[in-house]
Amino acid sequence: MKLIKTAFASVAFSLLATPAMAEQPMDHSKMDHSAHADMVVEPNTDADPAASAQTVTAKVNGLVCDFCAQAVRKVFKKQEAVESVNVDLDTGEIVLGLKAGATLDDETIGKLIRKSGYSLVSIDRGEGA
Amino acid sequence: MSFLSRAAPFAACLTWAAFAPMAEARPVSYPGGWTIMQVNNGDSSSLHAHYSPTASDSIGFYAERNWAEDVQFTGLQYNRLLKRWNGPSSQANTYLKLGVGQADPFGDASAELSGFAGFAADWETRRWFASYEARATDYAGNKSVRHSGRVGVAPYIGDYGDLHTWLMLQVDNHPEGDEPVTTTPLVRFFKGVQMVELGYTLETEELLANWIIRF
């Protein structure tokens, strides 16, 4: 009986939670968007960082899972100066693409990374700095 | 029973839990993040929806229907990240979990002020996982303590946004239970903002099914 209750509760919740799947990150470079043009998705790659006016690469400790990557993306995406946020779990790096004419100083980057719950190791500014 | 007379053993349980050996999934999100967690096993089914105002705190609704103790708990849960260690390729955390609310025993008994306290710790790399949680509950005067530990390994390492898979083994200790020690092999699927766990408890032949969604 408990098994049935457990299975029922899980299935019921799954149905209720299905809309939240619309937010799951995807690698759009490998996908055909024509079939789900109405979906709201949040890809890791918002835009080509090289196309941004300036890129900043932050080396961060503690990035071990997708929840971690999502945390830093959410926090940095709220910044007016930030055009794109790309997280590389392999290297533990966050690549920020800044908008034309925008700046984001090291102190602010460090503060935002700590606010996300992680630790800043170093900051490397691209050629456009 | 007065609140004070109930609070004393509750505080003792909290003290014990805080000093117990090392837990479970992260109950705190990023600032402004919402999380829905649902846990189902043979003993209980619970739902926890919380909001994180900071990366160190979360507060939200918690409801549990517990068939092992014949009680329904509904209340508020506060989670606090006590300490985080961020390494180049690892992360470790300790958490405090506190809940207060109303427990309604099955049957004719009236609802009572109830609560729980828990201490949790975890360590994770992209390949390995270990956690421990101690949880003391007082549901309508029925006090109990549980320990839960996990180890896990990821058979492959995926990039952000990929489907991540973990193979895990959970061991639970519930001294008051019919089966004081149970083992549950489970598989965890993790993709983007969603995590699903499916397992089977060997001793009780019951299903484990957990969900976490973060947004």
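In which loop of chain B is the place of Ala140(B)? The residue is found in the loop that joins β7 (128-139) to β8 (142-153) of chain B, where helices (H or I, at least four residues) and strands (E, at least two) are DSSP runs numbered from the N terminus. Although Ala140(B) is not a glycine, its phi is positive, at about 55°.

The model is predicted: local features require pLDDT of at least 70, side-chain atom pairs count only at pLDDT 80 or more, and totals for chains, interfaces and linings use all residues. Residues are numbered from 1 along each chain as its sequence is written, chains are lettered from A and ligands numbered from 1 in the order in which they are written, and side-chain values use heavy atoms, with hydrogens and water left out.

Chain B contains 1 helix and 12 strands, arranged along the sequence as α-β-β-β-β-β-β-β-β-β-β-β-β. Of its 215 residues, 54% are buried (buried means under 20% relative accessible area, exposed over 50%, partly exposed in between; 1.4 Å probe, protein chains only).

Glu205(B) lies in the loop between β11 (194-201) and β12 (206-214) of chain B and is exposed, with a relative accessible area of 52%. Gly32(B), in the loop between α1 (3-19) and β1 (33-40) of chain B, is partly exposed at 29% relative accessibility. Neighbours within four places in sequence aside, Gly32(B) is in contact (heavy atoms within 4.5 Å) with Tyr51(B), Ser52(B) and Pro53(B). Its C-alpha atom is separated by 9.0 Å from that of Phe215(B), 183 residues apart along the chain.

In chain A, helix α2 (residues 66-77) packs with helix α3 (residues 106-116) at an angle of about 135°, their axes being 9 Å apart. Axes are lines fitted to C-alpha atoms, for helices over the stretch in contact, and angles run from 0 to 180 degrees between N-to-C directions. The two helices, α2(A) and α3(A), are therefore oblique to each other (under 35 degrees is roughly parallel, over 145 roughly antiparallel, 65 to 115 roughly perpendicular, and the rest oblique). The contact involves Ala71(A), Val72(A), Val75(A) and Phe76(A) of α2(A), together with Ile109(A), Leu112(A), Ile113(A), Lys115(A) and Ser116(A) of α3(A).
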